[in-house]
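Reader: I am new to this structure and would like a careful look at one part of it. Please show me the whole first.

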Amino acid sequence: MRRPQLDIQLKTPDQIEKMRAAGLVVARALRLMREAVAPGVSTADLDAIAESTIREAGATPSFKGYHGFPASICSSVNEQVVHAIPSSHQVLREGDLISIDCGAVLNGWHGDAAITVGVGEVDPALLKMAAVAEDAMWAGIAAAARGAASGKGRLTDISHAVENAVRKGGRYGIVDGYGGHGIGTEMHQDPHVLNHGRPGKGPHLVPGLALAIEPMITMGSPRTVELADGWTVVTRDGSMAAHVEHSMALLDDGVWVLTAEDGGRARLGELVTARQSADSPAR
């Protein structure tokens with residue numbers, strides 16, 4: 001079933017279960033890459049971990065071949081905001097900050113998530129920025145859950161919650177032009193989810209809606225530029241950036257964070273659907 005105007009794909013509970021399976025593949029790949037991040041590791045090494053983990057699960061990397069993208073992850077280091085291509089020549093160094101974006105498709109359904117990780121000993125200010133981005137992501141997801149439960153929620157309630165959390169966290173740039181999105185049988189679907197804006201606008205938040213929520217913030221200006229490779233987006237002023245993401249779905253009794261191994265329970269408590277309680281993520 002698709003809602004009019006925007007081409008929004010609403011999912012049945014059974015379809016959301018299938019998305020959860022894809023989400024767990026992504027969650028495992030990201031966990032293994034997080035554990036592997038260290039000085040001397042190349043972003044190509046991380047890409048190899050992701051691809052092998054995804055394929056061993058019977059899934060396919062969503063990113064590889066997507067509009068010609070050559071890898072299974074985006075590995076954005078320091079001033080790189082998003083979409084950086086892994087390379088054996090990009091070797092992580094002590095103090096770096098890396099954002100790893102990963103997607104998988106399993107039985108026709110997509111999962112998509114991103115983490116930001118410090119390499120070795122990292123400036124605490126950078127780690128704080130990464131934590132603020134993560135808190136903002138969870139604030140957006142919580143706003144979606146509460147909006148759906150009230151029956152009055154609108155899409156930009158998520159955007160507003162993300163922006164408020166970032167503003168409360170400190171003086172950070174909120175990257176414009178990039179944001180979250182619908183997800184399901186395609187990796188990117190309507191609607192686009194801005195990381196800033198006034199509440200109360202856009203499509204209603206209803207059961208069956210599945211979204212990827214992904215704040216991108218910087219230590220300086222929010223302005224970005226795309227490099228000559230046609231993919232890598234960097235901050236225009238060279239400031240450091242953080243990018244985090246989870247895929248989530250709304251059900252009749254709460255939200256399910258499909259790419260969190262605990263379904264979102266630790267961060268969201270009773271906002272999480274009872275369906276996740278039967279989950280047993282593979283280790």
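Which residues point one way from β6 and which the other way, and are they buried or exposed?

Author: This is a predicted model, in which local features need pLDDT of at least 70 and side-chain atom pairs count only at pLDDT 80 or more, while totals for chains, interfaces and linings use all residues. Residues are numbered from 1 along each chain as its sequence is written, and side-chain values use heavy atoms, with hydrogens and water left out.

From β6, Leu97, Ser99, Asp101, Gly103 and Val105 point one way, whereas Ile98, Ile100, Cys102, Ala104 and Leu106 point the other way, and all are buried. Here strands are DSSP runs (E, at least two residues), numbered from the N terminus, and buried means under 20% relative accessible area, computed with a 1.4 Å probe on protein chains only. In a regular strand the side chains alternate between the two faces of the sheet. Because 10 of the 10 residues of β6 (residues 97-106) are buried, the strand is largely enclosed by the rest of the structure.

Turning to its partners, where two strands pair if DSSP finds at least two bridges between them, β6 runs antiparallel to β3 (residues 60-61), joined by 2 bridges, with proline 61 opposite alanine 104. Strand β4 (residues 73-77) also pairs with β6 in the antiparallel sense, over 5 bridges, and there serine 76 has serine 99 as its bridge partner. With β7 (residues 109-118) the antiparallel pairing extends over 10 bridges, and valine 105 stands opposite histidine 110. The hairpin of β6 and β7 has 2 residues between the strands, and in this hairpin asparagine 107 takes a positive phi near 50°.

Terms used: Buried means under 20% relative accessible area, exposed over 50%, partly exposed in between (1.4 Å probe, protein chains only). Helices (H or I, at least four residues) and strands (E, at least two) are DSSP runs, numbered from the N terminus.
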